[in-house]
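Please read this briefing alongside the sequence and the structure shown below. It goes through the protein topic by topic.

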Amino acid sequence: MTDQHSTPVGTQPVDEPPKKSSRAGRNLPAAIAVGAALGGMLVVTLLFAPKVWVPIVSVAIAIATVEVGRRLREGGFAIPLVPLLVGGQAMIWLTWPFGAAGALGAFGGTVVVCMIWRLVSGGLSTAPQNYLRDTAVTVFLAAWVPLFASFGVLLIYPDDGAGRVFCLMLGVVASDVGGYAAGVLFGKHPMAPAISPKKSWEGLAGSLVLGVAVSALAVEYLTDKPWWVGVPLGLMLVITGTLGDLVESQVKRDLGIKDMGTLLPGHGGLMDRLDSVLPSAVATWIVLSLLA
């Protein structure tokens, strides 16, 4: 006897037409709409209230930490979310009075608390199981999300801070667009088929061309630095953006999932949008702090 609501094996419900998707398997119209909305919010914030960038990042990082932490817990890891969330906020907000030293100090404190939290989480009468594995993954998460994000916050404090954040975002977007366009038009040689089958060497070339060009223009017109600083910046953003995407793809592959969450239609979770931005924030801060 079958359930009246069930669908026979091998058939498709007639009232659910397939959604339009891109070659990446996404709902392309929804992805474009969400991307445009996020981009518009970013532009308005940086133009009219640049310091609001700090609370925006703090909220985004809390959400991303919860997304990744929940997925890791589903995968069998014991992740102490409470100290990670509190420590992540400390990494972001302590940059305001103390700069990079505040972020680094908060990161160190978060790691210490998480180590102790995991040690005593089951009581001191029994030894915790998989302590080394869980602690290593927790430290990885603390660095991957809030610590990397703190470098994005550090960009906003100089006089040309809004321009520096624009350099980060424009460079990452240009790299993504250039890689997508070149990959769709010319992509024939997979770059890392075991991790991300859609990425190609031709797409990487497109990322390099557009990413470097846009970064050079952004540095020239949006910061107080010469245009040539945009060349190493663009190179770094292409490298970190591409590798950041591959890192998240491998993490999701290890966990057996497609997306970190479902918050953003057409994109997945918020972390699925931040995977290339977070390491790129570190690269942007390094280049714009050390050159010229």
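Trp93, Trp96 and Tyr157 are linked into a cluster by ring pairs. Rings of Phe, Tyr and Trp (its six-membered ring) count as a pair if their centres lie within 6.5 Å; planes under 30 degrees apart are called stacked, over 60 edge-to-face, and the rest tilted. This is a predicted model, in which local features need pLDDT of at least 70 and side-chain atom pairs count only at pLDDT 80 or more, while totals for chains, interfaces and linings use all residues. Residues are numbered from 1 along each chain as its sequence is written, and side-chain values use heavy atoms, with hydrogens and water left out.

**The aromatic cluster**

- The structure holds four aromatic pairs.
- In one of them, the ring planes of tryptophan 93 and tryptophan 96 meet at 5° with the centres 6.2 Å apart, so this pair is stacked.
- Tryptophan 96 also forms a tilted pair with tyrosine 157, at 6.0 Å centre to centre and 50° between the planes.
- Because tryptophan 96 lies in helix H4 (residues 95-98) and tyrosine 157 in the loop between helix H6 (131-154) and helix H7 (161-186), the pair ties together parts that are 61 residues apart in sequence.
- Helices (H or I, at least four residues) and strands (E, at least two) are DSSP runs, numbered from the N terminus.
- Buried means under 20% relative accessible area, exposed means over 50%, and partly exposed is in between (1.4 Å probe, protein chains only).

**Overall make-up**

- The protein has eleven helices and two strands.
- Along the sequence they follow the pattern α-α-α-α-α-α-α-β-β-α-α-α-α.
- Of the 292 residues, 46% count as buried.
- Among contacts with a separation of 6 or more, 69% are between residues 24 or more positions apart; contact means heavy atoms within 4.5 Å.

**The nonpolar core**

- A nonpolar core is a set of buried Ala, Val, Leu, Ile, Met, Phe, Trp, Tyr and Cys residues joined through side-chain atoms within 4.5 Å.
- In soluble globular proteins, nonpolar side chains tend to be buried together.
- The largest core here has 57 residues, and Leu46, Leu72, Leu168 and Met271 touch the most other members.
- Helix H6 gives the largest share of this core, eleven residues.
- At least three residues of this core come from each of domain 1 (51-157) and domain 2 (158-291); the domain bounds come from an automatic or database domain assignment.
- Not counting residues up to four places away in sequence, leucine 72 touches Phe77, Ile79, Val137, Leu141 and Leu255.

- Helix H8 (residues 201-222) has 22 residues and reaches 30 Å from its first C-alpha to its last, close to the expected 32 Å.
- The expected span is 1.5 Å times one less than the number of residues in the helix.
- The buried residues in H8 include Gly203, Gly206, Ser207 and Gly211.
- Cover for the buried residues of H8 includes H7, strand E2 (196-200), H9 and helix H11 (277-290).
- Helix H9 (residues 230-255) has 26 residues and should span 38 Å at 1.5 Å a residue; its end C-alpha atoms are 37 Å apart, which agrees.

**Single residues**

- Asparagine 130 is found in the loop between helix H5 (100-120) and H6; its phi is near 55°, a positive value in a residue other than glycine.
- Tryptophan 285 lies in helix H11 and is partly exposed, with a relative accessible area of 26%.
- Leaving aside neighbours within four places in sequence, tryptophan 285 is in contact with Ala100, Phe151, Leu154 and Leu155.
- The C-alpha atoms of tryptophan 285 and leucine 154 are separated by 7.3 Å, although the two residues are 131 residues apart along the chain.

**Cysteines**

- Cysteine 114 is buried, with a relative accessible area of 6%, and cysteine 167 is buried at 1%.
- How many disulfides are there? With a disulfide taken as a pair of cysteine sulfur atoms within 2.5 Å, the count comes to zero.
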